[in-house]
Amino acid sequence: MSTASESRWFDLDNPVKRGVILFAGIFILIFVVGLIQGGANAGLLLSQALAYALIALGLNIQWGYGGLFNFAIMGLMMVGGTAVMLVSVPVNQSFWAGEGPMLLGRAFLAFLVGLLLVLAARRVDRIGIRGGWRVAVIALAWFAGYVIYRSQIDPAAAYIEANNGFVGGLGLNPILGWLLGGVVAAVIAYIIGRICLGLRTDYLAIATIGISEILRALVKNMDWLTRGTQTVSPIPWPVPLPQDYQADGVPIVESFIYARFGFFALLLVIFAAIFWLVQRAYGGPWGRMMRAIRDNHIAAGSMGKNVTGRQLELFVLGSILIGMGGAILVTFNQIFDPSSYQPINHTFVVWVMVIVGGAGNNWGALLGAMLIYIVWIISDPLAQVIFVNISNWSQSMGWGAIPEIDSRALQMRVFILGVIITIALRYAPKGLLPEVMRRES
């Protein structure tokens with residue numbers, strides 16, 4: 001091959017060639033990790049990275065397509081995890097045999113009564129009550145509805161926690177839980193969007209941060225529904241577990257490889273289908289409309305486009321993928337632990353994935369998710385190895401050992417992510433695979 005042809009192949013200004021080279025580097029990195037840590041760890045890395053890629057794709061739809069700052073990612077992931085837990089965990093027979101269902105039924109009726117009170121209060125202007133009096137009636141209705149609901153849900157929760165532990169699940173296939181996680185996240189996103197999408201971008205970001213913390217507090221403290229800090233485990237898999245392979249005589253190491261790569265294969269099929277649909281939609285008239293709204297919403301509105309409606313559409317669609325991704329992660333890890341959700345792990349990291357990969361480019365979101373998650377995972381053990389060797393050398397020189405190596409190595413994750421995002425913003429401000437605009441001739 002001539003020097004000229006080689007230089008053309010490694011021309012990183014070409015987005016296709018750049019993508020091929022970068023994805024090849026990612027798979028080489030995964031292959032190296034597999035050689036060092038084993039095929040089972042490679043399967044774990046691929047499965048979790050692909051789940052995060054689905055979440056990053058959802059954020060890319062919201063921010064890359066519509067310029068919407070969503071910092072409620074953690075809350076939506078928790079909602080997805082709650083949904084798959086309630087769907088797939090085995091049925092709690094003690095709950096259904098006791099008074100729990102009846103007490104929850106009363107609480108649900110109380111909720112409906114409170115909701116009807118609020119809806120009726122909002123329409124009192126039709127009978128001549130307006131202005132400040134209408135506001136007072138609505139506030140009173142909210143207070144009365146809250147009191148009515150709490151009068152029923154508190155004894156129900158106390159009874160369930162004391163006698164049954166928690167509600168339990170339905171014992172269904174986890175894939176149904178993934179779908180339900182997306183649906184519940186969509187409903188919550190619709191409510192959030194109806195309230196917040198009229199805000200300016202910075203206010204929208206602040207509002208979604210608060211909403212994420214509200215969702216985390218609710219899920220974490222509803223012990224009767226989620227067991228709170230006590231966690232729920234094991235969450236069933238939609239594919240055979242390592243134990244299932246071991247029961248058939250497969251060795252332990254191979255059983256983990258077969259199980260994790262089986263999970264990855266299922267997830268790959270689902271992700272490929274979603275990715276293809278999203279890619280086709282963004283490349284068509286719908287995508288051109290969304291780009292027009294993102295780039296100049298005033299001009300788009302003057303052309304008759306329903307700007308808020310389309311932004312709500314993006315917000316809901318992206319939240320579906322975030323909820324599904326959160327449900328998939330809970331299923332793969334086989335544990336639902338509300339206390340394990342942290343903003344840095346479940347919001348900041350996802351934003352870094354999209355920023356580094358390239359906002360507005362689905363391939364960039366996939367690349368960023370794979371790259372950042374792999375770096376996030378391997379940075380801890382790699383930092384431990386480096387610190388241990390430095391500590392041994394320091395001791396041999398008489399300078400003493402490095403204290404608290406484990407905690408220091410864990411903190412290196414954040415430092416490395418900071419370095420990566422700084423370098424990316426300096427040399428690739430639009431991401432490693434920036435959005436490509438097709439111009440019609």
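Analyst: Happy to! Helices (H or I, at least four residues) and strands (E, at least two) are DSSP runs, numbered from the N terminus. The model is predicted: local features need pLDDT of at least 70, side-chain atom pairs count only at pLDDT 80 or more, and totals for chains, interfaces and linings use all residues. Residues are numbered from 1 along each chain as its sequence is written, and side-chain values use heavy atoms, with hydrogens and water left out.

User: Where is Ser340 found?

Analyst: Ser340 has a relative accessible area of 36%, so it is partly exposed (buried means under 20%, exposed over 50%, partly exposed in between, with a 1.4 Å probe and protein chains only). Its C-alpha atom is separated by 8.8 Å from that of Thr229, 111 residues apart along the chain. As for its place, Ser340 sits in the loop between α15 and α16 (343–357).

User: How many helices and strands does the protein chain have?

Analyst: The C-alpha trace spans about 85 × 60 × 50 Å along its principal axes. Within the protein chain, the DSSP runs come to 18 helices and 0 strands.

User: What percentage of the contacts with a separation of 6 or more comes from residues 24 or more positions apart?

Analyst: A contact here means heavy atoms within 4.5 Å. Among the contacts in the protein chain with a separation of 6 or more, the share from residues 24 or more positions apart is 81%.

User: What part of the accessible surface of the protein chain belongs to carbon and sulfur atoms?

Analyst: Accessible areas come from the Shrake-Rupley method with a 1.4 Å probe, and for residues only the protein chains shown count as cover. Of the 441 residues, 44% count as buried. The accessible surface comes to about 22,700 Å², and the part belonging to carbon and sulfur atoms is 66%.

User: In which helix does Phe111 lie?

Analyst: Phe111 is partly exposed because its relative accessibility is 41%. Together with Phe108, Leu109, Leu112, Leu115, Leu116 and Leu119, Phe111 makes a nonpolar surface patch of about 650 Å² (patches are made of residues with over 30% relative accessible area and no salt bridge, like charges joined within 9 Å and nonpolar side chains, Val, Leu, Ile, Met, Phe, Trp and Tyr, within 5 Å). The helix that holds Phe111 is α6 (residues 100–121).

User: Which residues does Ser319 touch, not counting residues up to four places away in sequence?

Analyst: Ser319 lies in helix α15 (residues 307–333). Its relative accessible area is 0%, so Ser319 counts as buried. Leaving out residues up to four places away in sequence, Ser319 touches Gln62, Leu76, Ala185 and Ala189.

User: Is Thr231 buried or exposed?

Analyst: Thr231 lies in the loop between α10 (223–226) and α11 (242–247). Not counting residues up to four places away in sequence, Thr231 touches Ile335, Phe336 and Asp337. With 18% relative accessibility, Thr231 counts as buried.

User: What is omega for the peptide bond that joins Ser233 and Pro234?

Analyst: Pro234 lies in the loop between α10 and α11. In that loop is also Arg227, which has a positive phi of about 70 degrees although it is not a glycine. The bond joining Ser233 and Pro234 is cis, with omega about 0 degrees.

User: How far apart are the closest N and O atoms of Glu213 and Arg216?

Analyst: A salt bridge is a side-chain nitrogen of Lys or Arg within 4 Å of a carboxyl oxygen of Asp or Glu; the whole structure has 5 salt bridges. Glu213 and Arg216 both lie in helix α9 (residues 201–221), 3 residues apart, about one turn of the helix. Glu213 is partly exposed because its relative accessibility is 31%, whereas Arg216 is buried at 17%. Their salt bridge has its closest N and O atoms apart by 2.8 Å.

User: Which residues do salt bridges that share partners join into one network?

Analyst: Asp295 forms a salt bridge with Arg294, the closest N and O atoms being 3.0 Å apart. Glu435 forms one with Arg294 too, at 3.1 Å. Glu435 lies in the segment after α18 (405–427) and Arg294 in helix α13 (residues 285–295), so this pair ties together parts 141 residues apart in sequence. The network formed through shared partners consists of Arg294, Asp295 and Glu435.
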